[in-house]
Amino acid sequence: MSKAVRIFWILLFTGLLAFIGFIALIASGAFGQLPSLHELENPSLVLASEVYAADGTSMGKYYTAKGNRLDVQYKDISPNVIHALVSTEDERFYEHSGVDGKAVLRAILKFGRDGGGSTITQQLALNMFNGERSHHRLGRIIQKLKEWIIAIELERNFTKEEIITLYLNDVSFSDNVYGIRGAARTFFHKEPDSLSVDEAAVLVGMVNNPSFFNPRTNIKAATERRNVVLNRMVTNHWLSDPEALELKAKPIDISHYRKADENNGIAPYFRDQLRSDLRKWCKEHTNPETGKPYSLYTDGLKIYTTIDPKMQQYADSSVARQMPILQKELDAQKNIRDGAVWADHKNILEAAMRSTERWQNEEDEGLSEAAIRNTFNTPVKMRVFAWNAAREKDTVMTPLDSIKYHRQMLQAGFMVMDPFTGAIKAWVGGIDFRTYKFDHVNINTKRQVGSSIKPFLYGLAIEDFGFRPMDTCPAIQQYFPEYNAYVPAKGGSHWSPGPYPMAFGLGWSINEVAAYLMKSMGPKGPQRFAEFLKQIGIPTSVQPYPSLALGACELSLFEMLDGYTMFPTGGFNVQPFYIARIEDKHGNVLANFSSTPKEVLNQHTAYTMVRMMQGPVDFGTAKGLRERLGLAEMGGKTGTTNDNSDCWFIGYTPQLLAGGWVGCDDRFIRLESRSADGGHVTRPIWETFFAKALADKTLGLRRDLRFAKPDSLTPNSSMDYSKFPNVDPGAEGVDQGNGSADAYGGADTTKKQKPANPY
């Protein structure tokens, strides 16, 4: 043997031994830990957590980009997909054991011009365990060898059907869609088992380069790639030439394209709030499979909520019915049309401009402040929110005008719950989640509550201070020497001094009567009322000022409904909740949730308040509501703050409690008409919702039910409605603001007409 041959064999065997040693080092974890046998047998693919309504309807998911997957079994994948994938990505898939020697040799000899030689199993190994391709040559080599090792182990532990199913459930398609089911639904609005040959070819074609072969953004490249896939199916005898020719002549049809995102699905405002709560829960609980806190985005949790899809639909449509009417009225106001509403609030516009992405981008590009301001005053084409079917419209306006336009939109919050269990049934946090993310229902969004607080004050007056519905109260301004304050702040009420029955004062929301009740509680009355609010389940601490009697405090809609539960339940506070249970990806229950009733009012007091609160909806500030809905009994209360900045209505039946708020996020933007109060602005949302819900027999709501009357309650002769003052039957109920006696005209007390009997 010549010296040259000997050197050749020495080098060959040395290189082979070095390669084997290198493989051994990789396998031992010297270059990063490889997955264990347990991990290979139980591949932990990223799974989105899914949210379900009370009836099991899917409401949406929480996911990372890769986590937006919907797993599917092999039997539910069209053979067209399987044949297209194997023909294009790994034609010897059923012959090799994870690594295709022929493909590897071809890749080496042709420097990858005809493909990289990776099998479907290797690609699965990369997706599942290695992540993104390394950008360094040595790193690529180590990564490739890791893939070989993992691929061989996968082949030893899984069948070919299982491997191809895992791959199709995990692979990336265009538009950050992962998994064949998500891709089929997104691009063709189909399940994977219904995909045609050409549709399968389009999806498989994306796998090679998802962003480039996206039919939504690059139809030419996607069509050419689809045709390549069809040609390879012909080569592998899954299609005939005539069939392929016919399919290649077809245009790609993605007219049914729809990508799921956080703006779609049921109750998006609710789901956004739910996300925040679930993330906190996950941090506090450990996943036994990983030994780490649960991940909302990757652990495949199943969250079952209390939301009723039908009630949610009716709540959404009720808000959508009323708000365009109100917006039209606001847009017609002179101060809105001429822009005068912004004259004293330019600082808000300045802050809004500087916080926009446009300003920040132009600042990063080095534009001067003057140049940036100029762009904000230059008309451009844009898409803005609109009250139409699409909730948007194309227009031309300056960026500054678009800021004004969007901030001048009236917002709303509406929530429905079962007051006896605490289960929240519907949650509408705003007018359009895609454009306006700020939620007007959740506990952290607080607005002045106005007269909607008065039932709490009346309940305390009855419970602690012995007042009765027909006790007479003067309608005059009250002075509180301990605070050097007058309530209401302005004198000159549109009501005569009275006196009026207490129940009448609640029905017509007379501020002076509420002030009298607070004054009658003594010097510590404001402090006692503030304590009472805490006692009935409202967590926000309020300042104990006399004006608290008129709702001069800020609370959330969530808290207000929490407090109102004590009326229909006979004195029990039942805190609202919206998660029924949480399950892991295997269906094991991890947590159950409910609310425990807490008695906060005497049963007699609660029932008396229920009867008194029928006054506003029979003859007072929301008069005629009960009659229009045909309800045997109900209770409700309007609320309006100074200058109509906040308009409320909260009401309940013997089965359901709901409340709404309407206003602009900037409180200086408001409706200015005399009738812009809770009874006219927000009550229609409540009324429309209940009309729809009562008409839906599947919900089981009844018009003939009455509130439970305490057995020991004896007739009270003092509840004599005939003693109520005569009121003009044509006068609509007008709720006063919380700081002045002359917020809106109110009723004409000169006409002689007896109101309806609330008792």
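**Group meeting talk: rings, a helix and some strands**

Let's start with a charge and a ring. Arginine 581 lies over the face of tyrosine 304, at 3.9 Å from the ring centre. Keep in mind that this is a predicted model. There is another case of this kind. Lysine 437 sits over the face of phenylalanine 433, and here the distance to the ring centre is 4.0 Å.

Next, rings with rings. How many aromatic pairs does a search of the whole structure find? It finds 33. I will show you two.

One is phenylalanine 270 with tyrosine 578. The pair is edge-to-face, with 85 degrees between the planes and 5.3 Å centre to centre. Where do these residues lie? Phenylalanine 270 is in helix H12, while tyrosine 578 is in the loop between strand E18 (572-573) and strand E19 (579-583). Now check burial. The cut-off for buried is under 20% relative accessible area. Phenylalanine 270 has 0%, so it is buried. Tyrosine 578 has 11%, so it is buried too.

The other pair is tryptophan 342 with phenylalanine 668. This one is also edge-to-face: 5.4 Å centre to centre, 80 degrees between the planes. Again, the pair links distant parts of the chain, 326 residues apart. Tryptophan 342 is in the loop between helix H14 (334-337) and helix H15 (346-354). Phenylalanine 668 is in the loop between strand E24 (657-663) and helix H27 (678-681). Tryptophan 342 is buried, at 3% relative accessible area. Phenylalanine 668 counts as buried as well, at 16%.

Back to helix H12. Its 16 residues should span 22 Å at 1.5 Å a residue. The end C-alpha atoms are 23 Å apart, which agrees. Among the buried residues are Pro268, Tyr269, Leu274 and Trp281. Arginine 271 is in this helix too, which covers residues 268-283. Is arginine 271 buried or exposed? Its relative accessible area is 5%, so it is buried. What does its side chain reach? The side chain of arginine 271 reaches the backbone oxygen of isoleucine 266, at 2.8 Å.

Now strands. Strands of a sheet pair through backbone hydrogen bonds, either parallel or antiparallel. Strand E1, residues 49-52, shows both. With strand E2 (residues 58-62), E1 runs antiparallel, joined by four bridges. With strand E7 (residues 302-305), E1 runs parallel, joined by three bridges. Follow glutamate 50. Its bridge partner in E2 is lysine 61. Its bridge partner in E7 is lysine 302. Both faces of E1 are covered: Ser49 and Val51 are buried on one side, Glu50 and Tyr52 on the other. The hairpin of E1 and E2 has five residues between the strands, and there glycine 56 takes a positive phi near 95 degrees.

Last stop: an open sheet of five strands. The order is E11-E10-E24-E23-E22, and the pairing is antiparallel. Which strands stand at the edges? Strand E11 (424-428) and strand E22 (635-640) do. Each has a single partner strand, so one side of each is left without a neighbour in the sheet. Strand E10 (residues 411-417) pairs with E11 over four bridges. Phenylalanine 414 stands opposite valine 428 in E11. And Phe414 takes us back to rings.

Note on methods: Residues numbered from 1 in each chain as written. Predicted model: local features only at pLDDT ≥ 70, side-chain atom pairs only at ≥ 80, totals over all residues. Heavy atoms only, no water. Helix = DSSP H or I, 4+ residues; strand = E, 2+ residues; numbered from the N terminus. Buried < 20%, exposed > 50% of the residue type's maximum accessible area, 1.4 Å probe, protein only. Polar contact = N/O pair within 3.5 Å; in protein donor to acceptor, adjacent residues only side chain to side chain. Pairing = 2+ DSSP bridges. Phe/Tyr/Trp six-rings, centres within 6.5 Å; stacked < 30°, edge-to-face > 60°. Lys NZ or Arg CZ within 6 Å of the ring centre and 35° of its normal. Expected span 1.5 Å × (residues − 1).
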